[in-house]
Amino acid sequence: MGVRPSSPLDKRQQQQLRGQVDGLLRAFLPCYRRQLAAAMLRQISRELEPQEPAGCQLSHTKKLPRVREHQGPLTLLWGHPPQWQPTFCVLRGDGRLEWFSRKEEYESGGRTLGSTALTGYTLLTSQREYLCLLDDLCPSSSGDLAQEEPLRVLEEPVNFPLFLVHPFRAHLCFCAHTRGAQRAWRLGLQGAIRLRATVLQRSRAPAACAFLDTVQLYRRRRGFAGGDDATLGSDAEVLSAELMRELLPALRAQTLRSLRSTGRARARACSEFLDAVHAAVLARVSAGLRAFQPEKDALLAKLERTVRAELEQILQQRAQRARRLEAEIRDPLEACLCRMVDPQLPQIIHALLSLVEATLQAVRTLLIRGMDRLSHHLRKNPSGTRLRREVYEFGEIPWDPELMQACYREAERNRSHLAQLAEPFGFLGMQSLVFGAQDLAQQLMAAAVTTFLQLADKCLTSTLDCDQAAEQLEKVRGLVLKKLTSDSETSRWRFTRDWLLGIFWPFVWSQLGVSYNSEQPEVDGDILAVGSQALTTEGVCRDVIQGLLLQRVDRELNKILGASDRTRSPAEDQERARDGHHFYR
């Protein structure tokens, strides 16, 4: 591996990192406070709007999204110099990977050799692809590779590899013992990476919505105009990654100068140093957000009381500001939409619909197969152990990575074409989009399975014979499929609409060159003492732009899907116009 710094971070570096993290939090938290007010206003407004009578047809599961726990032996590239060593690995339900020296060490509750949360990792199963990645990170001069004795171990062909790589964390190199084991680990690890990445996107809590808004605002003010994958992970992980991206060029240059190794060995040593920096940043950010938590809880409670008491006045002020801003920007916005968005909108809509429709069709096919399998076993043995096991396995379909792979694969299939269409608009969030489609598939499958089991439990009694029970189950099957069709149509519309907004509105914002003066200063004290922080000029302007953009999107969607396919109320239209920038929720 070459000679690494004797201590990954000296005291001066640690102090410098603490100052940089504290500076990030000083810039971020005042904006977060204001976005909490805006998010609370959206939630309370949504509660008071007329509710659509139909709503979701399927029953939502109470089970939290999780990864099916997986365990088994893997060989790990470990130590200095690195060598392939046998380990026993455990993938936890929360998306953490742990490895032990032996299975017995795990079973006796012994200490791990190591562990990591899989947020932000990419999984490679090609040794050649991994070596090319190392070469790209640290290009070698001629003859360097021949001198890299410590990494000759990576030159030797390995069977069934699993390489976990990260832009600023240490790489993890595993090998499975069989192709079947490699596939099982691959599916489990990919599910864990997605679970860890989408924790904020799955939440509708005001604090999570406000955090996502604040990250996007923070990045826009630093010149990042397009949609991207910067909000994948927990709040502490997202902020840590933001700072690491800012520091990465300088850190990499500094580290490479201090290392005497070359090429691939240098790239791996650099990743280990960055891992130490990331760990320090994450610890400091986590501590800062924990310290902010009591203030945030108190602020949310105070905001809820104040917004509810002053809601009518706040909404009137918002409407007045929105009318003034719309009058100012309508003409340049219309020109921008006609010139740049309209020509590409139909193609991107078709690409998005193709992705989500194929994913939802795969969900339907898998559900039908599972229900038919249950009916088959019910006819054969209505009270046997095998049937009980089949019922349990049916309930586990949403969390079974092997079964759900057919749905997840469809979400990936159209990725490159859609990325090409969206690239001119500065959209670099394809990983978030694909994860969103995969989450949607899992959520719909979980709701359908829950609904089927609930209805079957009500109608199947001990007084029914096999044929009668099978007949009842067939009726349940038809009802669940009807409910799934309704919810799938609604989900298709929402997913497509949300991601069209995600692709276009940051681009339109940047093209208009919207400037804003913060009429409310960034105070650290009582946020409610400076008027209604739920109404910033930038926030109202964003809502106006999104509302006008959504009119365009809805018109084109209606042409393609037909008005009869549009299963939402006018009240929901208004909500989505205000809240459409929260992707796939």
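## Packing, salt bridges and a pocket

Arg 477 touches Ile 368, Met 371, Asp 372 and Phe 452, leaving out residues up to four places away in sequence; touching, or contact, here means heavy atoms within 4.5 Å. Before going on: this is a predicted model, so local features need pLDDT of at least 70 and side-chain atom pairs count only at pLDDT 80 or more, while totals for chains, interfaces and linings use all residues. Numbering runs from 1 along each chain as its sequence is written, and side-chain values use heavy atoms, with hydrogens and water left out.

Back to Arg 477, which sits in helix α16 (residues 466-512). Helices (H or I, at least four residues) and strands (E, at least two) are DSSP runs, numbered from the N terminus. Is Arg 477 buried or exposed? It's buried, with a relative accessible area of 17%. The cut-offs are under 20% for buried and over 50% for exposed, with partly exposed in between, using a 1.4 Å probe and protein chains only.

The axes of α12 (residues 385-395) and α15 (residues 430-459) come within 9 Å and cross at roughly 145°. On the α12 side the contact is made by Val 391, Phe 394 and Gly 395, and on the α15 side by Val 449, Phe 452 and Leu 453. By class that's 5 nonpolar residues, 1 polar and no charged. The axes are lines fitted to C-alpha atoms, for helices over the stretch in contact, and angles run from 0 to 180 degrees between N-to-C directions. For the classes, Ala, Val, Leu, Ile, Met, Phe, Trp, Tyr, Cys and Pro count as nonpolar, Asp, Glu, Lys and Arg as charged, and the others, Gly among them, as polar.

Now for the charges. A search of the whole structure finds 32 salt bridges, where a salt bridge is a side-chain nitrogen of Lys or Arg within 4 Å of a carboxyl oxygen of Asp or Glu. Here are some of them.

| Salt bridge | Distance, N to O |
|---|---|
| Arg 318 and Asp 543 | 3.5 Å |
| Glu 390 and Arg 373 | 2.8 Å |
| Lys 559 and Glu 556 | 3.8 Å |

Start with Arg 318 and Asp 543, whose side chains meet in a salt bridge. This pair links distant parts of the chain, with Arg 318 in helix α10 (residues 311-341) and Asp 543 in helix α17 (residues 537-561), 225 residues apart. Arg 318 counts as buried because its relative accessibility is 18%, and Asp 543 is buried as well, at 12%.

Next up is the bridge between Glu 390 and Arg 373. Glu 390 lies in α12 and Arg 373 in helix α11 (residues 345-380), 17 residues apart, and this pair too links distant parts of the chain.

Lys 559 and Glu 556 both lie in α17, 3 residues apart, about one turn of the helix. Lys 559 is exposed, with a relative accessible area of 63%, while Glu 556 is buried at 17%. Elsewhere, salt bridges that share partners join Arg 66, Arg 68, Glu 396 and Asp 400 into one network.

About 1100 Å³ of it lies in the second largest pocket. Of the 46 residues that line this pocket, the closest to its centre are Gly 120, Tyr 121, Thr 122, Ile 193 and Phe 435. Elements giving two or more residues to the lining include β5 (122-124), α9 (263-309) and α15. Which element gives the most? That's α6, with 8 residues. By class, the lining has 22 nonpolar, 12 polar and 12 charged residues. A pocket, on a 1 Å grid over the protein atoms alone, is an open set of points where a 1.4 Å probe fits, with protein on both sides within 12 Å along at least five of seven lines; lining residues have an atom within 4 Å of a point. Grid points are joined across faces, edges and corners, and the volume is the space filled by probe spheres set on them.

Finally, Val 285 is in α9 and is buried, with a relative accessible area of 0%. Leaving aside neighbours within four places in sequence, Val 285 is in contact with Val 21, Ala 236, Leu 239 and Ser 240. The C-alpha atoms of Val 285 and Val 21 are separated by 6.5 Å, though the two residues are 264 residues apart along the chain.
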